[in-house]
Amino acid sequence: MKTKSGMMALVVVLALALTVFLPVIDDTDDSYGAEDGSSDFYYSQLSSMEKEVYAKILTKAESLDPSDLKIEFEESDFTLDRYPTLEECTKAFRALYYGHPEFFWLINTFAYPESGIMESMTLSFSADNAAELAEQKAAVNAAVSKITVDGEFTYDKVKQIHNWIVENCRYDTEAVGSKECPEAHNIYGIFVDKAAVCEGYARAFMYLCQKNGIDCIVSIGQGVSDDGSENHMWNYIQMEDDVWYCMDVTWDDPLVNGSDSGEVYYSYFLKGTD
């Protein structure tokens, strides 16, 4: 990309670390859900400036045009009559990325001017063109339409969603830590490829819960086991008692625990803080 002067414009690509965006649970709020699979849980925690940036990112993400990913900012675009800071843009992007699993084509990075003055943001999509993206979206919608969630109570629905993911998908060990397999980190990996890492599991679980009227969010941090710790993603889910519970579908998959028994584990199903 060249500037008017013919010099190459330098940009910095920001890869968002999974370890710094943890939920702040507020039990006084009734609902964060939406039938499209999204949640405004993290959006509700943004400042007014960050919400304005969020709205611009949302418009770009909804355009479904991988050939036009740059978001241009003007100071007059914002009520504070200034450019947003990098921190504000980062928080807005994270809130959207973690709140919209239905935007499976959105990659967890964005580029910005090396000067640090946020005159623009450039998003990254997993698809190369609009036609490819349309095919991917159609494949996800077709797969999701075949999943039945018809439990009488919230608990029954949550168990059906949990079990469907565990029984139909496998943990993609080859995609761990790889940037070459973006689908393994989103709902496309679960619903179409039937293989994903923890992020794919958590985002798919959230997506199906939200679509079925159950408030659910993703949570990002460190998973700790006998082998050490690593970046991990799981869920928080609000049940009929208005309490938020932990849910880790990934670690309830027997394949992740080194077993191919075919049984479904419930070791991390609706757990409390302990």
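Is Arg 82 buried, partly exposed or exposed? Arg 82 is partly exposed, at 28% relative accessible area (buried means under 20%, exposed over 50%, partly exposed in between, with a 1.4 Å probe and protein chains only). A few notes on the rest follow.

1. Ground rules. This is a predicted model, where local features need pLDDT of at least 70 and side-chain atom pairs count only at pLDDT 80 or more, while totals for chains, interfaces and linings use all residues. Residues are numbered from 1 along each chain as its sequence is written, and side-chain values use heavy atoms, with hydrogens and water left out.

2. The helix pair. Helices here are DSSP runs of H or I with at least four residues, numbered from the N terminus. The crossing is right-handed, meaning that the near helix is turned clockwise from the far one by less than a right angle.

3. Who touches whom. Helix 1 brings Met 49, Glu 50, Val 53, Tyr 54, Ile 57 and Leu 58 to the contact, and helix 2 brings Glu 88, Cys 89, Lys 91, Ala 92, Phe 93, Ala 95 and Leu 96 (contact means heavy atoms within 4.5 Å). By class that makes 10 nonpolar, no polar and three charged residues; Ala, Val, Leu, Ile, Met, Phe, Trp, Tyr, Cys and Pro count as nonpolar, Asp, Glu, Lys and Arg as charged, and the others, Gly among them, as polar.

4. Glu 88 and Arg 82. The structure holds five salt bridges (a side-chain nitrogen of Lys or Arg within 4 Å of a carboxyl oxygen of Asp or Glu). One of them joins Glu 88 to Arg 82, at 2.9 Å from N to O.

5. Lys 91 and Glu 87. Another salt bridge links these two, with the closest N and O atoms 3.4 Å apart. They sit four residues apart in helix 2, so about one helical turn separates them. Lys 91 is partly exposed at 32%, whereas Glu 87 is exposed at 53%.

6. Glu 72 and Lys 70. Here the closest N and O atoms of the salt bridge are 3.6 Å apart. Glu 72 counts as exposed at 52%, and Lys 70 is partly exposed at 27%.

Terms used:
Helix = DSSP H or I, 4+ residues; strand = E, 2+ residues; numbered from the N terminus.
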